[in-house]
Amino acid sequence: MAGALNCMISSTLSHADLLTPYKKLKGSCWKCRPWFVQQQHDGNGRRKHAIVAAAASSSSSSSSTTSTTAPPPPKTDYAYMEKENSVKLVCPVCYQPLVQTGRKGLHPLVVDASSFRCESCHKPYMSMTGIIDLTISGGAQDLEEALPSGVALFQNPLLAYVYERGYRDVFDIFNFPGYNEEFKMAQVFLKSAKGGTILDVSCGGGGFTQRFLISGDYETVIASDYSEAMLENCRGFLEKDSAVDSKKVVLIRADVARLPFATSSLAAVHAGAAIHCWPQPTMSVAEICRVLKPGGVFVASTFLLPIPPSPLAGIFTPIRRTIMQLGLPFQWWTESEVRGITEACGLVGWQSIRRGAYIVFAVHKPV
Ligand SMILES: C[S@@+](CC[C@H](N)C(=O)[O-])C[C@H]1O[C@@H](n2cnc3c(N)ncnc32)[C@H](O)[C@@H]1O
């Protein structure tokens, strides 16, 4: 049901139509959830569910949840959504360009009405509820790889739900100044990227993505994370924010160590409070360097060992390494270790702001 229904819905509803009844939406369908299943009351205190677009487009009641009471939805303005997008997607297996069939563009509503395939190795990729899954294992059957703990933790839907609803505030204990202040500091480092495309990698619930979009400083903002649950929450927050221009958003599920973007194609990459969760930080920063344009900027924040920079900090390194090898989900760095990772990947011009255990830094890809 879901595939056919979604296709039909995608061709009949506009983004604005979907956002309007959002607060009333409750139902679940793997693909059309949560945009299209509306909870209604029948006047006798009983609840029923109406699949809005199905009712508008089909007279058959193929399911008990189908209602004939929903108004016919207006036509989708695809001309608006199919705007040419400068984001160049590549296959994460072979780094060759992806071809898109069906609707064109990367608008969250358009991508569900189209499909992606690698032009070289022909591997297909799918999208669901506006999020294009460009992980290598995405959609694979019977593939149960054990995930490192820093990745696995954020797959949990409960954690994803509470992340922007309290969990993130706990970072204050480690001197993180909070989204507004962190965003301002990042923007200072990101000045050279204005007007270009920014990738908010490991975007989580989208606290930074939302601010990048509202700033109006970027042509396109790509929200990307490995966790589907975090991305679902991110999409939900963006949908509800009327200040967000949906045609500037692209939602991509991706592994930071295997980014599905063309080499030298992005003006900036931002990674808020994430590098310490990545299982392969050096590989990941190398990937970030690959996708940046020459002169492009990488801005990131992380936790440092909560001790002042001094030769003594080195004493803790072997202890910390041992703890990490036991499977803790987060790394604790010294500033010189983080800087060392960026330099090993060829990034230059280290700048940083430190407040206790919090650090935000910027480095550039050489021109
Ligand atoms: C602590 S959250 C940071 C979220 C947000 N950027 C912020 O500033 O709060 C770390 C994020 O890194 C993501 N992550 C972990 N491993 C990843 C990987 N291999 N590739 C991409 N994202 C990853 C997690 O899913 C999670 O959303």
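Modeller: Start with Val-299, which stands opposite Ala-362 in strand 14. This is a predicted model, in which local features need pLDDT of at least 70, side-chain atom pairs count only at pLDDT 80 or more, and totals for chains, interfaces and linings use all residues. Residues are numbered from 1 along each chain as its sequence is written.

Colleague: What makes strand 12 and strand 14 a pair?

Modeller: Two strands pair if DSSP finds at least two bridges between them. Strand 12 (residues 292-303) has 7 bridges to strand 14, in the antiparallel sense. Strands here are DSSP runs of E, at least two residues long; helices are runs of H or I, at least four; both are numbered from the N terminus.

Colleague: Which residue stands opposite Val-360 of strand 14?

Modeller: Ile-353. Strand 13 (residues 348-355) runs antiparallel to strand 14 and is joined to it by 6 bridges. Their hairpin has 2 residues between the strands, and Gly-356 takes a positive phi near 60° there.

Colleague: Why is strand 14 called largely enclosed?

Modeller: Because 7 of its 7 residues, 358-364, are buried. Buried means 20 or more other C-beta atoms within 10 Å of the residue's own; exposed means 12 or fewer, and partly exposed is in between, with C-beta atoms placed from the backbone. In a regular strand the side chains alternate between the two faces of the sheet. Tyr-358, Val-360, Ala-362 and His-364 point one way from strand 14, Ile-359, Phe-361 and Val-363 the other way, and all are buried.

Colleague: What puts strand 8 in the largely enclosed group?

Modeller: For strand 8 (residues 197-201), 5 of the 5 residues are buried, so the rest of the structure largely encloses it. Thr-197, Leu-199 and Val-201 point one way, Ile-198 and Asp-200 the other.

Colleague: Which strands does strand 8 run parallel to?

Modeller: Strand 9 (residues 220-225) is joined to strand 8 by 5 parallel bridges. Val-201 has Ser-224 as its bridge partner there. Strand 11 (residues 266-271) is also parallel to strand 8, with 3 bridges. Asp-200 stands opposite His-270 in that strand.

Colleague: What kind of unit do strand 8, helix 8 and strand 9 make?

Modeller: A right-handed β-α-β unit. With the strands pointing away from the viewer, the path from the first strand over the helix to the second runs clockwise.

Colleague: Which elements supply at least two residues of the ligand shell?

Modeller: Helix 5 (149-152) and helix 8 (207-215). The shell takes residues whose C-beta atom, placed from the backbone, lies within 6 Å of the molecule. Of the 21 residues around the ligand, Phe-154, Ser-202, Gly-204, Ser-227 and Gly-272 come nearest.

Colleague: Now the phi angles. Why is Thr-129 called buried, and what is its phi?

Modeller: Thr-129 is buried because 21 other C-beta atoms lie within 10 Å. Its phi is near 45°, a positive value in a residue other than glycine. Most residues other than glycine have a negative phi. Thr-129 lies in the loop between strand 6 (127-128) and strand 7 (131-133).

Colleague: What makes Asn-175 partly exposed?

Modeller: Asn-175 has 15 other C-beta atoms within 10 Å, so it falls in the partly exposed class. Asn-175 also has a positive phi, about 70°. Its loop connects helix 6 (157-167) and helix 7 (179-189).
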